[in-house]
Amino acid sequence: MYKTIINIALKNAYLRKSRAILLILMISLSMGVMLSIEGLYDGLAANMIDKSKRSDSGEISIYAKEYRENKDMKFNIKNTQDIITELKSIDGVSSVVSRFSIQGLSQSATKSYPSSLVGVDFEDEEVFGKFSEFVEVGDLNLGKRGCAIGKELAKNLKLHLGSKVIFTARDAHGDIQSIMFRIKAIINSTNITIDNQTIFTNKSRVLSYAGVAQNTSTQIAIRTASNSCITIIKDKFQNYDAKDFKELNPMLKQMQDMMKIFNKVTFFIVMFVVFIGILGVMYVSILDRVREFGIMLALGYKYTYIRTQVIFEALFLGLGGFVFGSILGFILLYILKHHGLDLSKFADGMASFGMANILYANIKLIYFTSSFFAIIFASILSVFLPLKKIKNLNPTEVIKADS
Amino acid sequence: MNGSHNSMLKNSLEVYTGAMAIYQKDYRDEGGYDYLIYDNAKIFTILEKENGVKEFTSRVETYGIASTDDESSAMMLTGIDFKKESKISKLKTALKSGIYDSSGACLYMGESLAKKLSLKLQDEVSFVGTAIDYSFVADIFKLCGTFKTGMYEFDSSSAFLNRAYFDELFYAQNTSSYIAVSVNELKQSDLIAKNISKKLPQDTKVYTWQELMKAMVELMKVDSIFGYISMGLFFLVIFFVIMIYGFINVSSRIKEFGTLKSIGISDRDIDTLLFYEIIILTLSAVIIAMPSSAYLAYYFELHPFVIEGISEIYKDYGIISDEIPTSFDLFTIAWNTLVIVVLNILSIIYPIYYVRRFTPIEAMRHV
C-alpha cells in the first residue's frame, strides 16, 4: 500500500512542473549560496586560529606569573629545560617550544618603531608549527647576525631583505643595549602581533643580549590534540601562568563564536523562507485537488493514507531542492576550498585584522546534514496547514460543490 | 553594517587622526627627519584662508626609549600645541589623571605606557632619542598627565610634550612631521583636499582620511562585501518566494485569463493587469515595511546595541567602544526599498510568460 502511496506522491509532486522547478530552484540556489558563505566563514576563522596556534600559543602556553600583564622579561621561567622534559613526558603532547621575548625599539636608518625581539629555536619551531611556511621572502638560515622580521614591521621601518635593523632595549642589568641584525627573512603569519612588531632570531643570541641564563624563557608553548592533556598541564604547572588558546586569544574565540551565530541566523532565515515557499506550493497544490481528495475519502481511502501521501509529496519537493542544492553548494565550496576568494585588493585591511589575502572555505559534512534535516523538517511542517483543510473535509459536500 | 562602520571610523578619526593630513611628499614612503615640513607658517597661512577647514595643528613625532629606575619602553614622543590639539582631537577629553595642558618638561602620557613604566604623576622618566638635526637627545621629563583613548597600541606607546619645549629640545621650530586638519563636513574632505593641494608647495601632499586609514577603510570594504553577499542571499530567497506565490496566483487564474482573452482582451492588457497587481501589492508592502524598518534604524541609531566588553577584546584592532549603532540613512533605506520593488517587478516576468503561452481555448479548458 505504502509503495503505491509513495508512487502517487512522487508523480503528484512533479505534476505541476513549473511550480516544482521554481521551488527546487529556490531551495538549491539559496542552499548553495548559504553553504558557500558558511564554509567561507568557517574557513576564515579556522585559518586564523590555526596560524595563531602555529606561530604563537599552540594549544596551551606556560608563562611566569605576571609576565602576560607586564610583558617584562624579569618575569621569566628559569628552569626551561626541566619543564620541557616534563611536558614531553605527558601523553598527548606532540611538540614543545620555548621562546624568550624582549620589548624594545626597532630602528632603521630613517624610522623607529616599538617592537619585540623574540629568540626561538627554528628547528623546534618547524616541528611545532611549520614556521618556514610563514616565510614570505628569504630563508631561515640566519647565520650569526641574521633575523626574520614581521612583514608589517618591515614595511613600517621601510626595510627589505638584506637591510640592517637595530633593536634597542634594556637588559636584565638595567642597561640600555642595542643589537644589530641583517634581515634574512620576512615573515607573513597573519598573526598581527608577529607581523606588526616582531623580530625573530636565535634564542641563544637573544639570551646573551638580554644578559640572562641560557636556560631561561618567557613562554613555553605546547601542541597537543588532546583536551585532557591541556587540563593535566594546567594542573601540573599551577605555579606558573598556564593558559589555553581560548584564554590567550579571546578575540579569535569570540570571532569564531560570532561567525557561528551569524551562520545559524542566516541558516534559520533561509530555511524559514524555504518553509514559506514549500508551504505556498503545497497549500495551492492541495487546494487544487480538494475534489480529488473528497472522492478518495468517499471511496473509503483513509485520511492517514492521504496525510502520508501529502507528506511524501512535500518531502520529494524538498529533497529535490536538497539534492540540487547540495551539488551546487559542493561545487561552490570545492572551488572556494581549492582556489579561494582572492581579496588581495584589500591586502592592507585584511592584514590589519590578521586575515590572509586569499580566503579558503572549509567543507564539512555537517553543512549538508544540517541542511538535510532542516529541509525535511520544513517540508513536513509546511503540510500541516493544508492537511488541516483536508481533515475537515466533508466528502459529499466537496464533490457536490465542485461538480 | 553602515552604522558600525561609521562609528568605528568616526571614533578613530576624532580620537587623533583627523580628516586629513599634510605631509612632505616622501615622508610616508621613506620616513625620517629628511622628509619633514620645514615651513609650517606658509602652510598655516594657506589653511587659514581655506573654506571648509575647521581646525589644523602641527605635530612632530619622534621615537626613543623611555626609562625609569626599573623599567624601559619604546615610546613615540610627539610635540603638539595642546590648545589647538584640543580642538582637533579627543586627547583632552581622554584625560585620566593630572593635567592636559602642561608646559616645560612635562609629559602627557598614555595610561598603559605609564603603567608599563610604573610611573605615577610627578614621577620622573628619562628619554633618549634623536633631534631633528640627527644629534643625540636625552632629557628627564616629569609625568604631568595620563590619558586613555581606548586605542590600545596608541595608549601603550604614546606621550605628548608641549611644542615650545619640544622645539627647543629637538630643534623643531617651524617644523612638522605632518599637519593634521579637521573639516566642517567629512563628506567634503576630498574636495577640500583637492583645493588645498593646488595652493600648497609642490613638495607637500594632502592625504585624506581614506588614505590615512587605508587599512580600516579596506577592512570595512571587505566587511561590506560579505554583508552584501549575505543580503544578496536573502534577496535571492525572497525573490523566489515572491515569484512562487506570483506564479501560484497566476496559475490558479488561467481560466479567468482564458475568458478575458476570449472576449478580446490582448496579451499586453493582461500583462499590464498583472503588472498593476504586483505594483499594488509591492507598494502596500513598502508602505508597511519602510516606515517600520526606518523607525528601527533610527531607534537603534539613538540607542545602539551594546556588547559589554567587545572593545576590550578587540582593543588591538582599534575598536574603542562597546556600542554597535545602526545608521539611519535615507539613501540606504531608499536603495533597499528600490531593490525590493525591482525584485517584485522581476518576479512577475515568468508568470506573465506562463500566461502568454495559453491560447484562449486552452486557458478556458485549463484545470
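How many salt bridges does the structure hold over all chains? The structure holds 23 of them over all chains, a salt bridge being a side-chain nitrogen of Lys or Arg within 4 Å of a carboxyl oxygen of Asp or Glu. Side chains of opposite charge can pair when their charged atoms come close.

A word on the ground rules. This is a predicted model, where local features need pLDDT of at least 70 and side-chain atom pairs count only at pLDDT 80 or more, while totals for chains, interfaces and linings use all residues. Residues are numbered from 1 along each chain as its sequence is written, chains are lettered from A and ligands numbered from 1 in the order in which they are written, and side-chain values use heavy atoms, with hydrogens and water left out.

## Some salt bridges

Here are some of these pairs, with the distance between N and O atoms.

| Pair | N to O distance |
|---|---|
| A:Lys74 and B:Glu71 | 2.9 Å |
| A:Arg68 and A:Asp241 | 2.9 Å |
| A:Arg99 and A:Glu125 | 2.8 Å |
| B:Asp167 and B:Arg163 | 2.7 Å |

Take A:Arg68 and A:Asp241, whose side chains meet in a salt bridge. A:Arg68 lies in helix H3 (residues 67-70) of chain A and A:Asp241 in strand S10 (residues 241-244) of chain A, so the pair ties together parts that are 173 residues apart in sequence. Helices (H or I, at least four residues) and strands (E, at least two) are DSSP runs, numbered from the N terminus. A:Arg68 counts as partly exposed at 27% relative accessibility, whereas A:Asp241 counts as buried at 9%. For these words, buried means under 20% relative accessible area, exposed over 50%, and partly exposed in between (1.4 Å probe, protein chains only).

Next come A:Arg99 and A:Glu125, whose side chains also meet in a salt bridge. A:Arg99 sits in strand S2 (residues 93-107) of chain A and A:Glu125 in helix H5 (residues 122-129) of chain A, so this pair ties together parts that are 26 residues apart in sequence. A:Arg99 is buried, with a relative accessible area of 3%, and A:Glu125 is buried too, at 0%.

Over in chain B, B:Asp167 and B:Arg163 both lie in helix H7 (residues 163-170), four residues apart, about one turn of the helix. Both B:Asp167 and B:Arg163 are buried. Back in chain A, a network of salt bridges links A:Asp50, A:Arg54 and A:Glu133.

## Where the chains meet

Which residue numbers does the contact take from each chain? Chain B gives 51 residues and chain A gives 57, contact meaning heavy atoms within 4.5 Å. The two chains bury about 4800 Å² between them, 72% of it on carbon and sulfur atoms. That buried area is the accessible area (1.4 Å probe) that two parts lose on being put together, summed over both.

Across this interface the rule finds one salt bridge, and A:Lys74 forms a salt bridge with B:Glu71. There are also 10 residue pairs in polar contact between chain B and chain A (both at pLDDT 80 or more). A polar contact is a pair of N or O atoms within 3.5 Å; within protein, one must be able to donate a hydrogen and the other to accept it, and residues adjacent in sequence count only if both atoms are side-chain atoms.

On the chain B side, the elements that give two or more residues include helix H2 (27-30), strand S2 (53-67) and helix H10 (214-251). The largest share of that side, 23 residues, comes from H10(B).

One residue of helix H2 of chain B is B:Tyr27. B:Tyr27 is buried, with a relative accessible area of 12%. Not counting residues up to four places away in sequence, B:Tyr27 touches A:Lys111, B:Gly32, B:Tyr35, B:Leu36, B:Glu61 and B:Ser177.

## Aromatic pairs

The count comes to 46 aromatic pairs over all chains. Rings of Phe, Tyr and Trp (its six-membered ring) pair if their centres lie within 6.5 Å; planes under 30 degrees apart count as stacked, over 60 as edge-to-face and the rest as tilted. The rings of A:Phe330 and A:Tyr334 have centres 6.1 Å apart and planes at 35°, so the pair is tilted. Both residues, A:Phe330 and A:Tyr334, lie in helix H13 (residues 303-338) of chain A, four residues apart. A:Phe330 is partly exposed at 41% relative accessible area, as is A:Tyr334 at 43%.
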